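Subject: Structure handover, with notes

Dear colleague,

Please find the structure below, together with my reading of it.

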Amino acid sequence: MQETFWQKRLRDVAAVLVVGVFMFPLFWWALTSFKPTSAIFNKDEIVWFNFKPTLVNYAVTMLGKSRAELAIESGNTFGVGGASSYDSRQTIIDSLIIAVGATALTVLLAVIASYALSRMRFRWRQAYLNWILSQRFMPPIAIIVPVVFMFHYMSLLDTRLGLIFVDTLINLPIAVLLMKSFYDDVPVDVDEAAMIDGASRLQIFWRVVLPMVKGGVAATAVLCFIFSWTEFLLSLFLTNSIRTLPVKITTFVTSTGSEWGFIAALGTTAVIPSFIFILLVQKQLVRGLTLGSLKE
Amino acid sequence: MVSHHAQSLAVDVQVSSTTRRSVWPRFLTSEHPFPWLAPITALLLAFGVYPLLYALWLSFFKRNPITRMNVFNPTWNWGKLLADERVWGAIGHTYLYTITALLIELCLGLAIALLLDSDRKGYGSLRALMTLPLVVPPAVTGMMFLLMLDGSFGVLSMGLVSLGLWPPQYPILASSGSALAGILLADIWQWTPFMVLIMLAGLRALPKEPFEAAAIDGATPSQAFFRLTLPMLSRIIALAVLIRGVDLFRIYDYVKVMTDSGPGTATETLTSYAGTIYFKNADFPYASTISLFTLLLVIVTSSIFIKLFKVRF
C-alpha cells in the first residue's frame, strides 16, 4: 500500500510526537538536575528554562561537597547548611563493582554451559533448558527471605560478593538462552572440520567457536550489566551499608522533604552508562528480552 | 550429521601421543556435557533451588514475635494467609494492575510499532530513542514520576490541574482512588517500549507477498491489519504478553518507591505486602509464605495462559 504525500507527513508528525512524549520524562529529569532548589519547588508555575542553571546538585552527589561548603565557595551563605549525606561516589563505585562482577560471572558460566547445550546431544538436554527457562519466571521475592538467612550464615550478607551471586542467578537464564542462540547460528560444520584436524572439544571451543560469537558475548554482557545495574529488590533486602544506585537514590526521600535536585543529578548519572551500552547493542536487545526465543 | 562420539574417538587416538593433550584432566576433554554444565548447575542449585525449598520449609514455622523463635506449626502461616484480608486485597490489586498494564502496553506498543515501522530516513533513530526508557533503573523511573506527579509542584500534576482535568485538592499518588493509576503511568512509560520493540521485530519479519496480494484484491488497510497482520503476529503477541505478564505480576520497585503500598493499603501488591511483613513485622516465615503463594499464582496463571493461547518457546 503506497502512502500519499500527506499520509507520509502525517505519519512523520505522529511518530515524532509519540517519541517526544516518551522522551519528556527523561528531558524533565535531566533539566531538574541543573535547577536550583527554588526552581524545582516552584508551586506557582512550571519552570521550563527560566532559571539559572547550576552544577550544585552534581557537586554534592558526585564530588561529595556539602551544601555549606559550596555556599562558602560561592560567597552566599544564606539559608544553607548541613553535612553532606548525599555523597554518592562510593555508591557508584559499589554499583560498578557489583554490575561488572555479576556480568563477568554470568558471561563466564553462560558461555561455557551454552556451548555444551548447543553442540552436545544428551538425553536431558531439553529438560535442562526448560529448567533454566523456568528460573526466569520465578519472582525474586520467592527466594529472598531464605537467601537472607543463607547469606547470614555464609557471611555474605551486606557484601558485594553476595549481590554478585544473586544478580548472576537472575541473569543466567537469559544469558544462557541468548548465548545458545548465538552458538546455534554457527554451523556445526565448523566444529566438525576442526575435529577432523585433530582439535579437542576444548580447543574447538576456545580457538574456533568462541572467537566467532564475540559479538554475541558482548551483547549478552551488556544486557547482564544493565539488569544488574538496575536491580532493586535484591539489593534492598541483602545490603545495608553497601548501597547500589537504585537503592541509594530512594534514601534521598526523607520525612522532612525530598532532595529532588540531588535525586535528579544522581538519577541522570545512573542512566548514562546504560544508554551508551544499549545504543551499541540495539539489535540483540530483542533476543535478550524475549529469552532468545524470538529470532529476527 | 556424523556422530560426535565416533569422531572424537578418532581424534583421541590421533592426538593422545602429543604432549599438549596431557595438560588437561581426562574428563575435561571428553564429550560428556558434565564439566560444561557443572558450574552453572551448582550456582542455580545453591542460590535458586535450595532457597526455594528453604522457603517452603520456613513457611511451616510459626514466628513468636516476643521470643523471636520459630516453632514448627505447618498449617499456621497458610491458614493465616487464607484468612488475611490484606492478602486478598493485594491479589486484587496485583491482578487489576497486571491486566490493565498488559492491555494498555500491548495496544499502545502495537500502535507505536506500526507507526515506526518505516524504512524512510530518521525512523531508525526514532526507534533507537524509543528503547531508552527500557534501561532506566525502575527505581529511578519511580522517582521520576514521583517528582512529576507531586501534588503541589509536579509538572504532570500542574499540567493536568491547569487543563482542568484533575481537581487540585487531590494529589494523584496520595489519593487511594488514583494512586495505582499513577504507578501504572510509570510502568506504561517504561515498558510500552518493550512491546514496541517486540512488535517491531515481528512486523519486520512478516512476509511481503500476502500484503501485495491483498492490495491487488482491493483490501483496505484495516482489513489487511485484522485479517493478515494480527493473525501472523499472534504467536509473538502471546509470547510478549506472557513474559511481560510474569514481570508485571511481581511488581515491586514502583510501588515501594512511589507509594510504599499506600495510601493505607490502596496500592499494596503481593510482593510489596511480603516486603512489608519482612521489613516492618520481621515475620520471616509469613513473608516466605506470601512469596511462595505469589510464585504459586504465577505458575498457575501462566500455565493457564500457555494452554489457552498455545504459547511455544
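How many of the residues of α6(B) are buried? Eleven of its eleven residues are buried, so that this helix is mostly covered, where buried means under 20% relative accessible area, exposed over 50% and partly exposed in between, with a 1.4 Å probe and protein chains only. Helices here are DSSP runs (H or I, at least four residues), as strands are (E, at least two), and both are numbered from the N terminus.

Before the rest, a word on the basis: this is a predicted model, in which local features need pLDDT of at least 70 and side-chain atom pairs count only at pLDDT 80 or more, while totals for chains, interfaces and linings use all residues. Residues are numbered from 1 along each chain as its sequence is written, chains are lettered from A and ligands numbered from 1 in the order in which they are written, and side-chain values use heavy atoms, with hydrogens and water left out.

Chain B as a whole

The secondary structure of chain B comes to 13 helices and two strands, and 53% of its 313 residues count as buried. Its radius of gyration is 26 Å, whereas a compact globule of 313 residues would have one near 20 Å; the radius is taken over C-alpha atoms, and the globule rule is 2.2 Å times the number of residues to the power 0.38. The C-alpha trace of chain B spans about 85 × 75 × 35 Å along its principal axes. Of the contacts in chain B with a separation of 6 or more, 66% are between residues 24 or more positions apart, contact meaning heavy atoms within 4.5 Å.

Helix α6(B) covers residues 138-148, and its buried residues include Pro138(B), Thr141(B), Met144(B) and Phe145(B). These four meet Leu185(B), Ala186(B), Trp189(B) and Gln190(B) in α8(B). By class, that contact has six nonpolar, two polar and no charged residues, where Ala, Val, Leu, Ile, Met, Phe, Trp, Tyr, Cys and Pro count as nonpolar, Asp, Glu, Lys and Arg as charged, and the others, Gly among them, as polar.

The axes of α6(B) and α8(B) come within 10 Å and cross at roughly 130°; axes are lines fitted to C-alpha atoms, for helices over the stretch in contact, and angles run from 0 to 180 degrees between N-to-C directions. The two helices are therefore oblique to each other, given that angles under 35 degrees count as roughly parallel, over 145 as roughly antiparallel, 65 to 115 as roughly perpendicular and the rest as oblique.

Asp187(B) also lies in α8(B), which runs over residues 179-204. Asp187(B) is buried, with a relative accessible area of 2%, and, leaving aside neighbours within four places in sequence, its contacts are Tyr97(B), Glu105(B), Thr192(B), Arg244(B), Leu248(B) and Tyr254(B).

In α7(B), residues 155-162, the buried residues are Val155(B), Ser157(B), Met158(B) and Gly159(B), and what covers them includes α1 of chain A together with α6 of chain B. Just after α7(B), Gly164(B) takes a positive phi of about 75°. Further on, in the loop between α7 and α8 of chain B, comes Ala174(B), which counts as exposed at 53% relative accessibility.

Helices α9 and α10 of chain B

Helices α9(B) (residues 209-216) and α10(B) (residues 221-249) pack at an angle of about 170°, with their axes 11 Å apart, and are therefore roughly antiparallel to each other. Pro210(B), Phe211(B) and Ala214(B) in α9(B) meet Ala224(B), Leu228(B), Thr229(B) and Met232(B) in α10(B), a contact that divides into six nonpolar residues, one polar and no charged.

Chain A, and a link between the chains

Ser33(A), in helix α1 of chain A, is buried, with a relative accessible area of 0%, and the residues that Ser33(A) touches include Thr54(A), Asn57(A) and Tyr58(A). Ile242(A) sits in the loop between α12 and α13 of chain A and is likewise buried, at 11%; among the residues that Ile242(A) touches are Asp94(A) and Arg160(A). Between the chains, Thr41(B), found in helix α2 of chain B, is in contact with Tyr128(A) and Trp131(A).

With best wishes
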